[in-house]
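Here are my notes from a first read through the model. Have it open while you go through the points.

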Amino acid sequence: MRYDDSPPSPESASSVSPDRRWFTRRSGLAVGAAVLAPTLLAGWVLVQLTTGAGADDARPPRIVMPAAAPSPTPSSSAAPAAPAAPQAKGPLAGKTVVIDPGHNTGNFKHTSEIDKKVDIGTNRKECDTTGTTTNAGYMEAEFTLDVSRRLRTVLEAKGLKVVLTHEADRAWGPCIDERARIGNEAAADAVVSVHADGVSSGNRGYHIILPAKVKGGAADTAKIVGPSRDLGERIGSNFARTTGSAPANYLGSGTGLVVRDDLGGLNLSTRPKVFIECGNMRDAKDAALLTSPEWRQKAAQGIADGIVGFLGG
Ligand code: ZN
């Protein structure tokens, strides 16, 4: 959701009943009905379990290590028993990517905190927003964290160092200025903030938000405007390829690219950074994609391919 969007009404906020999703890595042979994610570490399968736990359930993601890592198919016998973190080679060596999962599922319960204004250099703006939901109540913040984790897995398999700005390991936030600061302090080579939009039905498709050239207070984007556009164009084209989605039909004139000067997360960044709005959660056709784990894996792969291309890998 774009940061200047109005938060959902109290009615829609209170109707949200987020189901807690856990991520579990298991043997592909052991989980017949699992969602196969062939780009994950060899022989492992990402399984998304819906537990039905309430929103107050703050248990962390559960990682289950397989006793052994059998190959996903009988013909694939090259999988190592215990895959070690690969070392990046060539242009990817030593590179860091910061991924910013937009919003936080806890923001709905901390509206006074997230409504407090923070300094974005050119202006003052709310710390964060709740984000949007699908009409059925799937929260944008759940979506952004899921895609971000999948993206991290793909990038780490390339040997890249990956930092997430949060993992719902805090009650709310971070604020938009802190999200930018995390990327800056990590000296990130690329930063991507993951979102989904919340506009009226019939508006469909993805778009990438690029930083405008702004200067004011702590904001000075002159050095990141060019590389951020390169990063954004690469992510957009790869995202379109892997997901089959089209550029947004409601802004960007069909390019899938939008330049904005009002986002603290971009204005305060000193590192190449873009936002991606992966689709419109309020459109039934887009929502069917956004709520699909298989589609989210494709989305993560496309974003990852764009980042890797930008980094020269
Ligand atoms: Zn958002």
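Predicted model: local features only at pLDDT ≥ 70, side-chain atom pairs only at ≥ 80, totals over all residues.

1. Start with Arg179 and Asp100. They form a salt bridge whose closest N and O atoms are 2.7 Å apart. Arg179 sits in helix H4 (residues 176–185) and Asp100 in strand E3 (residues 96–101), so this pair ties together parts that are 79 residues apart in sequence. Both Arg179 and Asp100 are buried.

2. Asp128 joins Asp100 and Arg179 in a network of salt bridges. Asp100 also turns up among the contacts of Ser193, which touches Lys273, Val274, Phe275 and Ile276 as well, leaving aside residues up to four places away in sequence. Ser193 itself belongs to strand E7 (residues 190–197). Is Ser193 buried or exposed? With a relative accessible area of 0%, Ser193 is buried, because the cut-off for that is under 20%.

3. Next, look at Arg296 and Asp146, another salt bridge, with the closest N and O atoms 2.9 Å apart. This one links distant parts of the chain: Arg296 is in helix H8 (residues 293–310) and Asp146 in helix H3 (residues 140–157), 150 residues apart. Arg296 and Asp146 are both buried.

4. Glu167 lies in the loop between strand E6 (161–164) and H4, so the pair ties together parts that are 18 residues apart in sequence. Arg149 counts as buried at 10% relative accessibility, whereas Glu167, at 26%, is partly exposed.

5. Now the backbone. Most peptide bonds are trans, and most residues other than glycine have a negative phi. Which peptide bond is cis? The bond from Gly173 to Pro174 is, with omega near 5°. Pro174 falls in the loop between E6 and H4.

6. Two residues with positive phi are worth checking by eye. Ala187, in the loop between H4 and E7, has a phi near 50° without being a glycine. Ala187 counts as partly exposed, at 40% relative accessibility. Ser253 is not a glycine either, and its phi is positive at about 50°. You'll find Ser253 in the loop between helix H5 (225–243) and strand E11 (257–260), where it counts as exposed at 76% relative accessibility.

Key. Residues numbered from 1 in each chain as written. Heavy atoms only, no water. Helix = DSSP H or I, 4+ residues; strand = E, 2+ residues; numbered from the N terminus. Buried < 20%, exposed > 50% of the residue type's maximum accessible area, 1.4 Å probe, protein only. Contact = heavy atoms within 4.5 Å. Salt bridge = Lys/Arg side-chain N within 4 Å of Asp/Glu carboxyl O.
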